[in-house]
Each structure stands twice: as structure tokens, then as C-alpha cells.
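User: Hey, I've just opened this one and I'm new to it. Can you walk me through it?
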Amino acid sequence: MKVILYVFSGTGNTLNVAKLYKKYFEEQNEEITVDIYRVSKKSGELPSPEGYDLVGVGYPIHGFSAPEPTIKLCKALPAVDNKRTFFFKTSGEGLHLNDCSSQKCLKILKKKGYDVVMERHVVMPYNMIYRHKDEMAKQMWIYAHALVNLHCRELIADKREKVKRAFIKSMWVAPVRFLEQKFAHLHGPAFKVNKKKCIECNKCLNVCPQNNIIIKDGKYKFGRSCVLCMGCSFGCPKDAIKVGVFGAWKVNGSYRVEELKKDESIPFPYVPDHAKGIYRLYKKYYRECDKKLALAGIDVNDYI
């Protein structure tokens, strides 16, 4: 079986999850090969899904919906004949308000002949709003391993589930998506570089999937193609990027999830037994995960 994953990822969370899909698909069956295409204006020609047996579309949830580049990807994909397809999405919380985030992409792809058989939501550390504790980031990454492994098993077994499109929840999605995308474009030029901190490594230019950053007259300029992926500010090695009205929400620097996963001094699990404050909100999500994994005979502790 040949699998292609079309992935939009700003700070790398969704790309890291895509790499887990590649890992567990190929470990479970040596005849499965997985190709990852990163959705970006830098990525060149869009590969055709023809010749692949399974198509995956991965994205971070923006404003309870798929981000603009993912929607444009779905519009750009060619028509096919009943191609098996799945969604995987990431966000910093497991709220069921995000259940309908794929509805726009689902509508586009179904009209083109894509047979969307299921979707999965993987919680990963925030790249804005606030920085997760190491304990929480470790738990998220370990569960991501277990949940993606389970999802790969289900896809190999040709399992099918209806992608959620609850009417009441979906009423929020379209207007919020529209406002978030329009605001992102208008707000883009509000991003600035602090020249006192900047070391001119150009990492922000290289990481931006929208080609939204240029250097003009020796100064960094941010355009109106921004989609608020936060890749530039998150990845800046000197925390030199100002993010306009989101200054209080900025998160900078890698979570080093693989290092945290192996660090025995960091307790696991953190939720539900040790969680305090806002982390109590994650109890329901992880109890649901534990139930799914237990039914499949998967012990999350095996992924530490």
C-alpha cells in the first residue's frame, strides 16, 4: 500500500504527527510506504494522489476550522475515483468544539470523488496562547504515539467512521473561519523584528510557508499573506519577533518533545492524577483516549 500525506504545519506540531503516521504505518507492514508532502508556497509542484492507495490530509486547527492553506490544497487536488482518504488534525486542547473543523475540506473532497473514511484529533503543545508545562508536553507526545499507532492499525484494517458534522456546532465554524482568515491577512504587517535581538539567521524567512516575509532595504517586512501559523515567532532562536496584538499570547522555542518523552524525572501521566488549574480541563480528553486505547489492547506506557 502506498500512502501520501498532505500536511500543512507552521510550528511543526502537525508535521511531527505526520512523521508518526509514517513511522507506524511502515513498522506495521513492510509493504507500506508513506510519502509526506508539506503544504507550502515553497514546496513546488503538488504531487498527484494517483498511484497512491490512501490519502491523508493533516492540519492544525485554526479558529475551529482547517487553515486557509489546507482548504486551498483541497481545492487544488484533482478529481479522483473513490480514493480512500482520512483527516488528522492537531490543536492544543481536546475540545469537542473542534469536532467540525474538517467540514469545509470534507465538502470539497467529497465532490471530487475522495472517500473520506475517518478523521483523528491529536492534542499537541500550544504554539500560542500560553506555553505548556514540560509534564503536559510529555504526556501529549506519548499519547500522540499511542493514538497514531492505533489509527494506523484502523486504516490498515479498512475501518470506516463518519466524519463529524454536527449541525449546531458547525454553525460556529464558517463565520469564525472567515473572520480568522481575514484578520490574519490584515494583521500580517503588524509582525515586526526587534533588530537589537535579531542575529539575521533568516530562519523566519525559511520557515514561513506563505513566503510572507521579505528583506527590503535591510529590514524584515511582513506582508498580507499571513495565516497566523506562528512558525516565525515560535522558531526564532533569539525571540526577536513581535507578533502585534498577540504579544501576550506568544510562545517561543521548541518543546523538545522527544527529550521530554525520555526524561524519567518528569512524571507521567500528569493528567488526570496530578493536574491542577487549567490542566483539569484535559481530564475528559485523556479519559476518552484511555478508553479507546484499552479497547484496542494498547498500553500507553509502552510508548515512554
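Predicted model: local features only at pLDDT ≥ 70, side-chain atom pairs only at ≥ 80, totals over all residues.

User: Is Glu 27 buried or exposed?
Analyst: Glu 27 is exposed, with a relative accessible area of 53%; the cut-off for exposed is over 50%.

User: And how far apart are Glu 27 and Asn 149, in sequence and in space?
Analyst: In sequence, 122 residues separate Glu 27 and Asn 149. In space they are 9.6 Å apart, going from C-alpha to C-alpha.

User: OK, let me zoom out. How many helices and strands are there in the protein?
Analyst: The protein has nine helices and nine strands.

User: What radius of gyration does the protein have, and what would a compact globule have?
Analyst: For 304 residues, a compact globule would come out near 19 Å, and the protein has 19 Å, so the two agree. Along its principal axes, the C-alpha trace spans about 55 × 50 × 40 Å.

User: How much of the protein counts as buried?
Analyst: Of its 304 residues, 53% count as buried. As for the surface, the protein exposes about 14800 Å², and carbon and sulfur atoms supply 53% of that.

User: What about contacts: which share joins residues at least 24 apart?
Analyst: That would be 81%, counted among contacts between residues at least 6 apart in sequence.

User: Which residues does Thr 90 touch?
Analyst: Leaving out residues up to four places away in sequence, Thr 90 touches Asn 13, Thr 14, Val 17, Tyr 59, Pro 60, Ile 61, His 121, Val 122 and Met 124.

User: Switching to charges. How many positive and negative ones are there?
Analyst: There are 52 positive and 32 negative charges, and their mean positions lie 10 Å apart.

User: And how many salt bridges does the structure hold?
Analyst: It holds 13. One of them pairs Glu 161 with Arg 120, whose closest N and O atoms are 2.9 Å apart. Glu 161 lies in the loop between helix 4 (134-156) and helix 5 (167-187), while Arg 120 is in strand 5 (residues 114-123), so this pair ties together parts that are 41 residues apart in sequence.

User: Are those two buried or exposed?
Analyst: Glu 161 counts as partly exposed, at 28% relative accessibility. Arg 120, at 16%, counts as buried.

User: Which salt bridge does Glu 161 make with Lys 159, and how many Å is it, N to O?
Analyst: Their side chains meet at 3.2 Å, N to O. Lys 159 is partly exposed, with 33% relative accessibility.

User: So which residues are linked in the network there?
Analyst: Arg 120, Glu 154, Lys 159 and Glu 161 are linked in a network of salt bridges.

User: One more pair, then. What do the side chains of Lys 195 and Glu 200 do?
Analyst: They meet in a salt bridge too, at 3.5 Å from N to O. Lys 195 is partly exposed, with a relative accessible area of 42%, whereas Glu 200 counts as exposed at 52% relative accessibility.

Technical notes: Residues numbered from 1 in each chain as written. Heavy atoms only, no water. Helix = DSSP H or I, 4+ residues; strand = E, 2+ residues; numbered from the N terminus. Rg over C-alpha atoms; globule rule 2.2 N^0.38 Å. Buried < 20%, exposed > 50% of the residue type's maximum accessible area, 1.4 Å probe, protein only. Contact = heavy atoms within 4.5 Å. Areas by Shrake-Rupley, 256 points an atom, 1.4 Å probe, with all protein chains shown as cover. Lys, Arg positive; Asp, Glu negative; His and termini not counted. Charge placed at Lys NZ, Arg CZ, Asp CG, Glu CD. Salt bridge = Lys/Arg side-chain N within 4 Å of Asp/Glu carboxyl O.
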